[in-house]
Amino acid sequence: MRLQLLVFLSFVLFVNTHGITQAYSGVVVNINSGETVAFATVAVYYDSTLIDGTTTDESGKFTINITKEFTHFEVSFIGYESEIVNRSDIKDFGRITFMLNPSISILDEVIVQGEQTTTKLKIDRKIINLGADLQQSGASTLEAFDQITEIQTDLGTGSLSLRGSGNVRLLVNGKPSSLSATELLEQIPASSVQRVELITSPSAKNLADGLSGIINIVLKKDKAKGLNTSLNAGTGTMRYNYGIDGNYNFSWLNFRWNLSQSGRGMNSKQNISQLYENGDTRDFFTPHDFYGLIRKLDVGLDFFIDEKNELSIGFDQTDNFHSFFNTTSYSNVTGREDYEYIRNSQHNHDIVNINGNYRTKFNTDNHFLEVDYQFSKNDNFLPAIDFEDNNLLFHEERRNNNTLNAIVLDYALPIKETILLEAGGSWNARSLESSLFLNPAEESASLNIFKYDESLLGIYGLTNITAGKLILQFGLRYENLRSSSSDLSNNQTTDLRFSNLFPSLHASYNINESNTLNIGYSRRVSRPNFRNLNPYQSRNQFFEWVANPTLRPEFSTNIETNYQYEGSKFGFSSALFYRYRTDVIERLQDIDETGVLRIAFDNIGQKHSYGIENNISYKVTHFWNSQLSANYYYTTIDQDIFLTWDKPYSSNLIFKNTFKISKALSTDVSYRQNFKTQNTFDFIDSRNRIDAAVRLKLLENRLALNLRIIDLLDNNLFYRTVVTQNVRQNEVWRFQSQTFGFLLSASYKLFQNKGKTRNRKDRDYQYGGTID
């Protein structure tokens, strides 16, 4: 008997000291509406010591295996009060329900969790929740992208690429824009972005254009009950901004608004030296003086008709003005004296977007019908006047008027718990009129007009199957594109017709609550469009675009695999991809005898692209989070025309450290390294910079003060070498936006409802990435 008692006590002691693995599963829900809370944090504590944790999935569910003794759970999410549940109060470990109480007053613990950008892997995309990243305070979305290694931006040249390719489709709330990618990103404040979706292997639900994938920006949509208003302002190196945003929720009706104005100047000095094959030379210097002013109005109404029907209407208008004053000093020019070339130009963009979205939900979960309509009108006026040594050369007026209509229908039907069918269609129509008016006040005036019309019809079907830990998704999309263009100056016309099928296949396997493995396959296309066909795009004394009406479509086959591990302190993710492209539409470069870089597009052959992306995060201490992100991209080209280099490559690295010094004070220090980038006609030397930021929260977190310092050591110069068949060109740029500067910003919650959020399901349908 004593021996049995001794064995029993030894067993109890072993269990208490070593623990037995126990699985805990459940769901986190809104205590008022019963709606599940996705991506909530479920932390496991022994008294005050954090020993484990996890997050809920997009359905609000979680599973965690705990091997150690613990006393309680602490459940939290931004916008909710934290909930503490003792282990002794849990009766069924496999069916736990945590109830969160909505609260506008965010607790300090939640603020800590929201300071750093986090990443979530889904079956066909990577979701980056920007959180309250200190490096993005007061910045534009284009600047915020500079903190994401998967997206390659160049704030000076205005380029945007994904996985080493500039052929990327940019969406806002799942919808296209009539603006270029960089113009659009400059207009959106980073503070208005809720998350960024990187869809590098899009399913058949998405439009098929964008060879390297889709970047979908999901904007915040305030719906808190009562009156909520925030003021924000900022000032810095040759820049300022201010604005007001908020909402008033009457329970059945929500009115939301955002008004802002921002101004920015730049003085980006550039030196260029050209050496021709025949020995001729040309050097020039320009300061690239620039000033821009953006005024933006964004309002919306959300009608909560009943528990199953919701209608949203949105309107936004943006006035975007830029002025350029470039006095270029030419020297060392073979065969002539030094001289000055002056070009004064403006860009006036008037953008209007109108959106309507209606969704009805049926009795079964995930059974819904949604209709979305988007209207965009973008009118652009681009006057310029050119002088050489104070002698007038010419005066030009360019206009680009672009109209876009898009209608999308999505329907989802669950057959049973493990099978979900999706189907839908879309219709996009674009109309463009571009004109060039030379010397309008003179008898020699000439007017050139280019017109373009495009209609794209798409139909898709998707099947989602869940088999235990495995999720499979099969899809097929059909697209029919019709476009026509005419150049009235020479009667040159195009009439293009394309019909194609685009299959997709995705698989996701949840190894356990911490490990996820995804595999994706998709087929994409890049068709000739108005950017390739329009001969009257912008030009200056440095470059000009050359139209090519004979382009053929380019097709891409994308295969990738993604892995993510999420632990309580350590996180790791990795992605590998292969992309095979045929009839590649390449950006070709040539420098003419006047020193102007001529840019044209042509089909060149085939490309094989490979890449790897890695991300490591580690919670060093309770106040110190560290994150290392790096990638490498490599391409081989089988071409049938001249390219200077046929093996492009690029890579970059970001090492980010965030410190929570106190409840009110946070700091961030980031190191960015851009290694040498090799393109087909140029290479960019390696460069690096250190950015620092600090945030102070006062008045019970109603007031936030932020200071960012970009390129702390002031050494991030841009060195590029362009090599064509007859010219070698060396460039040195000091971009105002990427070298030493500061930005001081502040936000203040003027009105803040202390009550609970509205007592109905918090729908956010149009942000699901299904609208395209």
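Student: What makes up the largest nonpolar core, and which residues have the most contacts inside it?

Tutor: It has 22 residues, and F145, I151, V196 and I215 have the most contacts within it. Such a core is a set of buried Ala, Val, Leu, Ile, Met, Phe, Trp, Tyr and Cys residues joined through side-chain atoms within 4.5 Å. Buried means under 20% relative accessible area, with a 1.4 Å probe and protein chains only. This is a predicted model: local features need pLDDT of at least 70, side-chain atom pairs 80 or more, while totals for chains, interfaces and linings use all residues. Numbering starts from 1 along each chain as its sequence is written, and side-chain values use heavy atoms, without hydrogens or water.

Student: Which elements each supply at least two residues of this core?

Tutor: α3 (141-145), β12 (159-162), β13 (169-172), α4 (181-187), β14 (193-199) and β15 (214-219). These are DSSP runs: helices are H or I of at least four residues, strands E of at least two, numbered from the N terminus.

Student: What does V196 touch?

Tutor: Beyond residues up to four places away in sequence, V196 touches K126, I127, I128, L130, F145, I151, I215 and N216. Contact means heavy atoms within 4.5 Å. A second, separate core has 18 residues, including Y24, I66, Y80 and F98.

Student: How many helices and strands does the protein have?

Tutor: Five helices and 46 strands.

Student: Why is the protein called as compact as a globular protein of that length?

Tutor: Its radius of gyration is 28 Å, close to the 28 Å that the globule rule gives for 772 residues, so the description holds. The radius is taken over C-alpha atoms; the rule is 2.2 Å times the number of residues to the power 0.38.

Student: What share of the residues is buried?

Tutor: 52% of the 772 residues.

Notes
Buried < 20%, exposed > 50% of the residue type's maximum accessible area, 1.4 Å probe, protein only.
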